[in-house]
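Please open the structure in your viewer and keep the sequence panel beside it. The tour below goes from one selection to the next and says what is there at each stop.

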Amino acid sequence: MIIDSHQHVMLPAELQIEKLNQAGVDKAILFPSAPHPERTTGLDELKEEMTALYRTLAGEKSTEASKQRFINNLAEQKDHIKKYPDRFLGFGAVPLGLSVEETKEWIFQYVIQNDFKGVGEFTPGSDEQIRQLQVVFEAASDYENFPLWIHTFHPVTMSGIKLLMQLCEQFPNVPVIFGHMGGANWLDVIDYARLHRQIYLDLSAAFASIATKTAIYELPERCLYSSDAPYGEPFLYRQLIEFVSPTREIANMVLGDNISKFL
């Protein structure tokens, strides 16, 4: 079974199903989405739609208004999954800046009760926001094999990635998916993951094809095929993995077997 382990909600749902079918993908793990670039038809519309994403990547503070956006986006995601339960699974978003108890309550209400399989995507816009992830790690450690999906490309710097690595060592029972494999810092992330078995590598938005090839060669059992749709094309990322994988068996591991066992 081929599973795209990271897509965002696309509208309408039928467009997302069409993308899966074109790529020969059986299932996708959905994450909430604030912007919907798939609905735009030109640069000006895209820039307007992406404002919400830029606000998140800049480290938007957790206010009551932002919490309500989280809730609205989670409801949209839940409707998607309910409509096509045979094609979609989900990870649930959690706002930063809450207390440990508030975070635990949020995870129970909006993640566990929705039967989501993990928590994310976190897009820390600063080192301070990465430090705030300690609360999430602590809350997630109450569960067995409950993964966190954390964005590690721009604007996350190597300084932020090192802080994240420290949290991984502080909470070794919490699996962590390094989203986009560290971006330009992919060599350091692969090297770190070799020494820590709870670290998984998301292959979407690869900095270069050699990064994908190296990750698969070094850690075939902990690499996860994903497209980050609508920002990436599922078909193209599947082709890349099939092209750089040394064997068909390893390609199958990356394209679906790993995430199936993981979850």
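A crossing of two helices is called left-handed if the near helix is turned anticlockwise from the far one by less than a right angle, and right-handed if it is turned clockwise. Before the first stop, please note that this is a predicted model, in which local features need pLDDT of at least 70 and side-chain atom pairs count only at pLDDT 80 or more, while totals for chains, interfaces and linings use all residues. Residues are numbered from 1 along each chain as its sequence is written, and side-chain values use heavy atoms, with hydrogens and water left out.

Select residues 234-244, which are helix α10, together with residues 248-262, which are helix α11; helices here are DSSP runs of H or I with at least four residues, strands are runs of E with at least two, and both are numbered from the N terminus. The crossing of α10 past α11 is right-handed. The contact, meaning heavy atoms within 4.5 Å, is made by Arg238, Ile241 and Glu242 on the α10 side and by Arg248, Ala251, Val254 and Leu255 on the α11 side. Sorted by class, this contact of α10 with α11 has four nonpolar, no polar and three charged residues, where Ala, Val, Leu, Ile, Met, Phe, Trp, Tyr, Cys and Pro count as nonpolar, Asp, Glu, Lys and Arg as charged, and the others, Gly among them, as polar. The axes of α10 and α11 come within 8 Å and cross at roughly 145 degrees; axes are lines fitted to C-alpha atoms, for helices over the stretch in contact, and angles run from 0 to 180 degrees between N-to-C directions.

Now select β2 (residues 27-31), which is joined to β1 by four bridges, the two strands running parallel. Aspartate 4 has alanine 28 of β2 as its bridge partner, and glutamine 7 has leucine 30 of β2. Is β2 buried or exposed? Five of the five residues of β2 are buried, so this strand is largely enclosed by the rest of the structure; buried means under 20% relative accessible area, exposed over 50%, and partly exposed in between, with a 1.4 Å probe and protein chains only. Lys27, Ile29 and Phe31 point one way from β2, whereas Ala28 and Leu30 point the other way.

In helix α5 (residues 100-112), select Thr103, Trp106, Ile107, Tyr110 and Val111, which are buried. The buried residues of α5 pack against α4, β4 (119-122) and α6 (127-140).

Threonine 212, in helix α9 (residues 209-218), counts as buried because its relative accessibility is 1%. Leaving aside neighbours within four places in sequence, threonine 212 is in contact with Met181, Leu203, Ala206, Leu240 and Val244.

**Last stop: backbone details**

Most residues other than glycine have a negative phi, and most peptide bonds are trans.

Aspartate 115, in the loop between α5 and β4, has a positive phi near 60 degrees, and at 53% relative accessibility aspartate 115 counts as exposed. Asparagine 145, although not a glycine, has a positive phi of about 55 degrees; asparagine 145 is found in the loop between α6 and β5 (148-151) and, at 39% relative accessibility, counts as partly exposed.

Terms used:
Two strands pair if DSSP finds at least two bridges between them.
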